[in-house]
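Student: I would like to learn how to read a few features of a model. Can we go through them one by one?

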Amino acid sequence: MTPAPVTMVEGKAIPLQGHDIDTDRIIPARFLKSISFTGLGNHVFADDRAAAGGCHPFDRPEHQGARILVVNRNFGCGSSREHAPQALRRWGIAAVIGESFAEIFASNCLALGMPCLRGETGVVEDIQQLVQEQPGVHFCLTLAAPRLRGPDRHWPLMIESGPQTMLLNGGWDGTGLLLSHGDELQRTALRLPYLNDFVLSS
Amino acid sequence: MSRGLSTLHPGPAQEVYGTWDPPDLIVSDGAYGVGGFDASLGCGSPFAAGRSPLSTGTLYDKVWALHRVAELPGGQTQLFIGLHLIHEVTSPQAFTMLRERGLGVRHPERTVATVDHIVPTTDQGRPLADPLAEAMLSALEKNCAHYGLRLYGFDSGQQGIVHVIAPELGLSQPGMTIACGDSHTSTHGAFGAIAFGIGTTQVRDVLASQSLALDKLSVRRISIHGALAPGVFAKDVALHVIRRLGVKSGVGYAYEFAGSCVAAMAMEERMTLCNMAIEAGARCGYVNPDQVCFDYLHNRPCVPRGAAWQRAVTWWRSLASDGDAVYDDEVTINAGEIAPTVTWGITPGQAMAVDEAVPTPDQLPAGERPLAQEAYRYMDLQPGQPIAGTPVDVCFIGSCTNGRLSDLRDAALVARGRHVADGMKAFVVPGSQQVARAAEAEGLDAVFARAGFEWRRPGCSMCLAMNPDRLEGRQLSASSSNRNFKGRQGSASGRTLLMSPAMVAAAAVSGVVTDVRTLLSSAKDAGTAPAES
């Protein structure tokens with residue numbers, strides 16, 4: 001199973017405003033009671049959506065089918081649950097743009113081949129405003145030159161070189177790569193004192 | 001696109017990165033663009049800031065170097081994981097992925113399992129009453145049996161919250177890399193380990209390869225100097241640090257907790273502090289190993305004995321950050337300024353001293369005001385009102401943050417000789433079976449029971465309410481747990497005030513948020529013997 005390179009994501013965007021949106025809000029813990037990830041897409045932001053009475057962006061008709069989520073600061077903080085990006089993905093999200101991301105959330109997204117790109121505050125707010133005014137706009141998010149391109153303009157985005165490379169070359173599904181270093185793994189295990197009765201190698 | 005254009009900028013490149021198109025070619029007299037053209041647009045991450053971590057000679061650097069397996073394309077490091085902890089919520093899908101790919105577990109002896117998140121704290125008879133919970137526990141049992149993994153289940157006598165049992169078994173040791181599909185894995189950093197939470201796909205990777213692809217973090221030393229005042233606990237230090245630095249300041253960082261205050265802390269207090277590092281955004285937090293740490297570990301079931309113990313201690317000592325270590329950032333905090341601390345909002349950073357008033361918008365930086373407005377509404381608290389005196393509906397003592405023996409002793413000291421307020425639901429959930437036995441042996445269960453608290457069986461319980469323990473409707477809880485997020489404790493509109501276990505006990509017996517210092521001094525006046533710690 002060779003994962004596909006992720007070079008671009010195209011489609012509509014969906015804005016979700018607010019800082020420090022945690023993974024408990026993305027997928028409340030009661031939906032984690034399962035031994036699989038299936039069905040999570042139906043419950044993404046379940047409590048926020050119920051509280052918003054149909055006005056939550058994920059419920060608004062104009063945002064259905066959107067693929068690019070646009071968020072603000074420290075998105076995905078809190079619990080390490082991969083159920084959060086799984087739920088977003090199963091709802092239809094394929095990439096996230098934000099001012100900043102919690103680290104575990106971003107690495108969980110990467111493990112699913114779902115890019116998280118950062119933009120300056122002004123850039124993110126600009127995109128959010130545009131999508132609110134014109135929800136049907138078609139965007140193209142590119143990874144090699146990290147940016148979001150709209151019909152008549154584009155915005156610079158950022159992604160660390162590690163995740164960028166892994167997405168572009170298909171290495172985001174890294175198990176095969178990790179396992180290909182069998183000799184190095186063995187050498188590392190042999191030099192760790194706590195795996196070798198605390199006899200220190202010279 | 002501006003292909004073919006060339007632009008000359010004689011000043012610092014950072015000034016123009018935000019306005020130029022990404023270029024095809026950069027000609028410069030410096031390392032501009034090496035980390036990606038846009039890398040200089042700071043977004044709170046050291047990666048975003050276009051600077052690589054600079055630290056040298058810290059424990060983090062030493063442990064990182066020792067566990068480095070290979071450098072990966074794109075600059076990430078393949079890091080060996082010395083101890084892998086799993087539980088029933090984030091592992092079943094990882095095992096499914098292993099099976100789908102025909103992969104095995106590379107080091108079954110280095111993965112240890114327990115059940116904690118979904119366990120009921122009243123009736124733990126099998127099958128569990130909740131069929132979904134039973135299915136998760138059964139899946140864990142089957143997976144552990146199939147792959148030959150150690151599982152500390154109900155009948156082991158050692159079951160409990162994963163971040164409580166691994167330390168008490170001596171599994172968590174200095175110099176290890178420790179990963180678990182749970183963000184509070186930072187707890188184990190108290191032992192001088194690099195310990196961090198991972199997602200389920202990464203659980204798969206650790207099972208298959210005993211390693212992970214990671215970016216090296218920067219290291220921020222947080223030096224906390226001086227002594228804590230009476231009634232002020234490690235939890236207050238943690239909340240104070242998060243309040244001071246913010247919930248995202250730690251993104252991209254490992255937090256080294258240092259200073260005389262931390263040196264004077266017992267291991268269980270250090271665990272509380274490191275546990276909350278993730279609430280500051282730091283994926284891992286740690287304390288340099290010292291004699292306090294070695295004394296805690298000595299003779300625990302999974303630590304070496306005899307000559308190997310001596311060799312271990314020698315090695316562990318060598319791991320502590322060097323005196324001339326270089327840090328990416330340093331912060332100093334005066335322990336004397338820390339008061340019993342309570343959260344008032346919907347993130348752990350929205351915290352205040354118990355004798356303060358809820359901050360008004362004009363007391364907050366402009367960037368924090370929208371979240372504050374959201375918090376006032378959700379919590380039904382008014383800016384400027386004192387937090388002390390706020391009526392509480394439910395009191396919860398437990399969790400991986402504060403479910404250890406010393407936490408229960410601190411709470412029992414307040415509860416002893418008092419009774420929970422009328423209409424109050426108050427319950428104590430020990431962090432593990434071992435904690436429960438130790439507490440029962442010194443009569444703490446009876447102290448709590450006489451005071452009107454329910455004494456439960458071990459598990460994560462109402463920290464995240466994946467079991468039957470949960471808030472109802474708009475109930476307000478005083479909780480010794482770690483997250484006051486909207487809906488965290490099982491009701492979509494439930495509200496949480498985070499505080500120390502002693503403060504939770506004070507709220508329980510008073511019915512309202514109460515400064516525990518007032519009760520501790522009267523306990524002393526009444527001649528109540530303080531619990532030994």
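Predicted model: local features only at pLDDT ≥ 70, side-chain atom pairs only at ≥ 80, totals over all residues.

Tutor: Residues are numbered from 1 along each chain as its sequence is written, chains are lettered from A and ligands numbered from 1 in the order in which they are written, and side-chain values use heavy atoms, with hydrogens and water left out.

Student: What area is buried between chain B and chain A?

Tutor: The size of an interface is often given as the accessible area lost when the parts come together. Here about 6500 Å² is buried, and carbon and sulfur atoms give 61% of that. Buried area is the accessible area (1.4 Å probe) lost by two parts on being put together, summed over both. Chain B supplies 86 residues to the contact and chain A 70. Contact means heavy atoms within 4.5 Å.

Student: How many salt bridges are counted between chain B and chain A?

Tutor: Side chains of opposite charge can pair when their charged atoms come close. The count between the two chains is six; over all chains it is 34. A salt bridge needs a side-chain nitrogen of Lys or Arg within 4 Å of a carboxyl oxygen of Asp or Glu.

Student: Which residue forms a salt bridge with B:R101?

Tutor: A:D173, with the closest N and O atoms 2.6 Å apart. The pair runs between chains, from helix α3 (residues 92–101) of chain B to the loop between α6 (161–168) and α7 (175–179) of chain A. Helices (H or I, at least four residues) and strands (E, at least two) are DSSP runs, numbered from the N terminus. A:D173 also meets B:R204 in a salt bridge (3.2 Å, N to O).

Student: At what angle do α7 and α9 of chain B cross?

Tutor: Two packed helices are described by the angle between their axes and the distance between the axes. The axes of α7 (residues 234–245) and α9 (residues 267–275) of chain B come within 8 Å and cross at roughly 25°. Axes are lines fitted to C-alpha atoms, for helices over the stretch in contact, and angles run from 0 to 180 degrees between N-to-C directions.

Student: Where is the cis peptide bond?

Tutor: Between B:R126 and B:P127, with omega about -10°. B:P127 sits in the loop between β4 (111–114) and α4 (131–147) of chain B. As for phi, A:N74 has a positive value of about 60° although it is not a glycine.
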